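Trainee: I am new to this structure. Can we go through how its chains meet?

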Amino acid sequence: MSSKIIIIATIIFLIVSFSVLFVIETKNHDYDYKKSWSVVYFENPRDNSLDFTIENHEGEKSEYNYEISIDEKKISDNKIEIEKGAVQKIYPIIDLEKSARVTIEVTADDLKYRIYKNIQ
Amino acid sequence: MILDLTKLVLTLPFVFVLPGFFLLLAIFGWKSASGGSKISFFEKAALAVPMSVIAVDFLVLALNRLRIFLNGPVLIGAIIAFSLLCYIVFQWRFGKKAKAKDKKEEDAAQNFFDFSYWQAIFILLSLFLAIFMRTTYLSDTIVPSSTDLGHHMFWVQKIVDAGSLPDYGMPDFIIGEHIIFAVINLLSGASPMGAMPAIVLLLLNIIGIFTLSILAGRVFRNPKTAAMIFFVTGVLYAINAPQGKYVSGGVVGNIIGNMLIPVALYFLYRALSEKDSVFAGLFLFSAAGLLFTHHLSAFILIYSVAAIVLAYLALNFTKSFKIVGGWFRIFLKPFPIAVFLLVIFYFLFVFTPSYFNPEAVAQATGEPTKITRFGLGLDQLETNAGSARLILGTFGFALFFLAARRKEYKFSFALSWAIVLLLMSWKPGWLYVNIPSDRIGNYLFLPFSLLAAFGIVELMKLFRKSSTNFFSTALLFILLFFAITDGLSDSAEAFKSRPQFQEAMQTFHSADYLAEKLDSSQDILLKDHVNIYGDSWYKLFFMKDYKYPLSRGNLSRYADPTKPRETCTRDMISEPDSLEGQACFSETGVNYVALNAQLEGNSFEKYPDFSKIYSSNYLSIFKRNIQ
């Protein structure tokens, strides 16, 4: 009889354990749950397009400031508010007459993200 | 989430209990059937999972050989058909013989593992602690991130995507490590990139405690020792390798091997000590399951069996011819011969494990060739087995050596197993073992748990006999205090680390971005394994090739005195501007590099050849402009 109790109890322990682990993993396998980070990236890394995206995973609505520079010379400066967990695409329109490095610097509070392309 | 969890929880017994249960039913019958006396309920419950693992492996191998596309309905059908077939065999063999059995003999076997009230409480408490500690530890690492698990899950996903088994093209992976995960995914939909792999490994790890327990129970013929195994293996060093850390680390082969080695030895012990050909057949079956699952564990089993057999012959030297003749009489019976032929058929015509070639065997045997294979020092042995377990095991060894009859099988099983593993870890050159010693050392816990459990039980007896003696009481408490504090210290250390879920999710985000934006037929990606957490999971986003994307490995791997290693993956990150780095970029065609943002990610910005296309708190991705 004791063997059966041990086996049944083990099954119960394991089901509880698996359920806890499954729920923890599912909740944490999320870009926003209990996390605080942001990301900036070019939409089309394979060409010369300067379209870029900011994703807010800071856990709250945040204001981002983005500057666009050509060869270190600032040409535009804008602010944008992004909801928690939201993705914001931005389509800058820039005329380039010669090869240059175009840099996009995004800041929010004390965070700074920089992406750039060397446009031929 | 609830539906997904329910599907997973229902799939696990379908895959890991049903086939094994019916297989054991066909072989041993039900409680009241004629074969029921051979094996108790507790043993059946402990063996159902390993038998299922092997049965499912063999079923899938056969389906694959028949070129049947592996998907959910096919696997459900195969498992049900196999179980039904076993049930028909059970009815045919045992259906009408139920009343023919000697009731007394049957009850004796059924009651062998019928633990007393306090033993049951002790086991339940140990199991609760074992599962609780592992679960608590895993809850901080449950988001998939470990390197080994990432590599294994790539192959699992390959099976799921292709509906057939892969050709690895390398001896590092064995099919049995991946089949069960693919089956669970195909039946429940639980992703390899979720909690499923760790949950399956945790299940097998806990079942491994049960299999060691039934081996201990039979060898020492004492349920107390079987009960003590739950404490020695389940609670002490619950997190250390090869327990909780191997579960979270995805060391699949070892976890399954640690479950199957005691099963194979359990069947062998019962086959030889009871002169029973059914157990002999099951020994061959479980050893074959191990051969299809993990080469190192199979290697350990072969050495262990050789040591046990040779020790027994040496201790019974005058009767050795008679003994060998007796073994032939056990193994040359229809059931073991049928199993043996089935295994040979599988090896030759169904699926040959990728490591099964003379070159791989030659690499593992012979004089040690690297410093890591020359053997472990005593301090390393202590770390591998655990101080308390090693001391208690040594104590158990000495007691058993003095107390047991040397001509009995249990003497050879308990002691030779410990001696051969100790020698393989400590002085591998003596046994022509050419395998990293620390990997062998991870198996030491198996025989030493057995002996430590025996040692504690005997210590308790000594204490009881002299309970009025103050010093014996003090000694017992000091020893147990040491065992518990040392055995739990690893758990305390492990809980100090913080979860790295945020880093893992940023790694996944960057991989997802690259998989979407890159053309993997043209673009070559290099990532930094040294400084990116969970980077091995990158390949699951591309599912292109096992070696895609390229990876800068741990720096020590580039310095190999035995053979030249490629260094491009290192140089392209460490010195991208150097002549070597530039030549490597041209040679490999690498045009994207993923780096830790805080380390090389910052320094890479100074190189004019690169554009930075992605920037998060944790990761930076660069694109090389010059082709």
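Trainee: Which residue of β4(B) does A:Val40 stand opposite?

Mentor: This is a predicted model, where local features need pLDDT of at least 70, side-chain atom pairs count only at pLDDT 80 or more, and totals for chains, interfaces and linings use all residues. Residues are numbered from 1 along each chain as written, chains are lettered from A and ligands numbered from 1 in written order, and side-chain values use heavy atoms, without hydrogens or water. Strand β1 (residues 37-42) of chain A pairs with β4(B) in the antiparallel sense over three bridges. Strands (E, at least two residues) are DSSP runs numbered from the N terminus, and two of them pair if DSSP finds at least two bridges between them. In β4(B), A:Val40 faces B:Ser615.

Trainee: How many residues does chain B bring to the contact?

Mentor: Contact means heavy atoms within 4.5 Å. Chain A gives 46 residues. Chain B gives 61.

Trainee: What share of the area buried between chain B and chain A comes from carbon and sulfur atoms?

Mentor: Buried area is the accessible area (1.4 Å probe) that two parts lose on being put together, summed over both. Here the total is about 4800 Å². Carbon and sulfur atoms give 68%.

Trainee: How far apart are the closest N and O atoms of B:Asp523 and A:Arg46?

Mentor: The two form a salt bridge, meaning a side-chain nitrogen of Lys or Arg within 4 Å of a carboxyl oxygen of Asp or Glu. The count between chain B and chain A is three salt bridges. For B:Asp523 and A:Arg46, the closest N and O atoms lie apart by 2.1 Å.

Definitions and conventions:
Helices (H or I, at least four residues) and strands (E, at least two) are DSSP runs, numbered from the N terminus.
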